[in-house]
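Colleague: I have a model open and want to learn to read its packing. Where do I begin?

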Amino acid sequence: MDADIFALLAQDGVTNGAIYALLALALVLVFAVTRIIFIPQGEFLAWGALTMAALEAGHYPGTVWLLLGAGVITFAADLFGGASARRRLGQSALWNLVYPVAVAAILYFMPLSELPQLVRVLAVLAIVVPLGPMIYRVAFQPVAEAPVLVLLIVSVALHLLMVGVGLLIFGPEGSRTLPFSEAQLAVGTLTLSGHTLVVLVASVALIVGLYLYFGRTLGGKALMATAINRNGARLMGISPALAGRQTFFFAALIGALSGLLVAPLTTVYYDSGFLIGLKGFVAAIIGGLASYPLAAGGAVLVGLLESFSSFWASAFKDVLVFTLIIPVLMLRSLNSHHVEEEE
């Protein structure tokens, strides 16, 4: 391996690591606030990428129908969900019924194949991101106080359902999207693509934005309080249900943006998000599902390990990446004390 190949592999590793870092941060955020190990995080990535591919091809995206159906189910859950849910039926109808219909109508009358790329990005986010709070309301909010194992079982079941829905909507064919930049930047003997720079800048900007949100805004501080002490946050008037929906909003936003960034780099299929999400999960485990900086650093490590493994032993690159989790778990097991879960 010469210096040029090393630099090229390092570039690919850092680029992939930036994507994994976003997914890892989303997983850490969801677990910290809701205690849910969110297995389907990668499905938002796949849905965002494939929705973008459908818009570029001029096709009406099937995720619009999914948004409409999820909105109806979510509104029904609020309608029959008890007095506290019925008190916010007006807001629920606006968000879960009026909004999806408005998005569906706007896209129906727009020339999809002629839209500027930025408008397509906004359309993808408008379709995919609201699915996050809807999924939390229907699947997790009714069992929010259940043990972690029950939440994990629900998460796995939801993953299987979302993969099946993805196959139904998008079909088995994979898709790639256009890069956000065709520029080429020469750094010595290494050529950096414009899209690689977009991925790195967007990842850093999103991480900094989340840091500022959690550190400088009332809503972000409420989420952090819920992550630190759920019972204490509840006593201070912070709604766990609202915190859960807000957390899943950010998870869907991060997943959809990750899909938009990764789709020009590799072909995305309806089930591609699971494998990519698992690599983000490895990074989150390195951070102990608690530390954002360690999770981000672990994501870069995973990306570099995957990149260099593909050069030395391409058939075993995924094995090597997932094997990384074993020494991390062993080390954490030796350095931690068992604590019985609270009833």
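Modeller: We will go through the core, the aromatic pairs and one glycine. Keep in mind that this is a predicted model.

Colleague: Which residues have the most contacts inside the largest nonpolar core?

Modeller: They are Ile-36, Phe-38, Phe-44, Leu-131 and Phe-140, in a core of 83 residues. Helix H1 (residues 3-34) gives the largest share, 13 residues. Take Leu-131: beyond its sequence neighbours, it touches Phe-44, Trp-47, Leu-66, Leu-67 and Ala-70.

Colleague: How many aromatic pairs does a search of the whole structure find?

Modeller: It finds 14. Read each pair by ring distance and plane angle. Phe-38 and Phe-248 have ring centres 4.8 Å apart and planes at 65°; over 60 counts as edge-to-face, so this pair is edge-to-face. Phe-38 sits in the loop between H1 and helix H2, and Phe-248 in helix H12, so the pair ties together parts 210 residues apart in sequence.

Colleague: Is Phe-248 buried or exposed?

Modeller: Buried, at 0% relative accessible area. Phe-38 is buried too, at 2%.

Colleague: What about Tyr-60 and Tyr-108?

Modeller: Their ring centres are 6.3 Å apart and their planes at 80°, so this pair is edge-to-face. Tyr-60 is partly exposed at 26%, while Tyr-108 is exposed at 60%.

Colleague: And the glycine: where does Gly-280 lie?

Modeller: In helix H13. Gly-280 is buried, at 0%. Away from its sequence neighbours, Gly-280 contacts Tyr-20, Leu-23, Ala-24 and Leu-27. Its C-alpha is 8.7 Å from that of Gly-17, 263 residues apart along the chain.

How values were computed: Residues are numbered from 1 along each chain as its sequence is written. This is a predicted model: local features need pLDDT of at least 70, side-chain atom pairs count only at pLDDT 80 or more; totals for chains, interfaces and linings use all residues. Side-chain values use heavy atoms; hydrogens and water are left out. Helices (H or I, at least four residues) and strands (E, at least two) are DSSP runs, numbered from the N terminus. Buried means under 20% relative accessible area, exposed over 50%, partly exposed in between (1.4 Å probe, protein chains only). Contact means heavy atoms within 4.5 Å. A nonpolar core is a set of buried Ala, Val, Leu, Ile, Met, Phe, Trp, Tyr and Cys residues joined through side-chain atoms within 4.5 Å. Rings of Phe, Tyr and Trp (its six-membered ring) pair if their centres lie within 6.5 Å; planes under 30 degrees apart count as stacked, over 60 as edge-to-face and the rest as tilted. Lists of a residue's contacts leave out its neighbours within four places in sequence.
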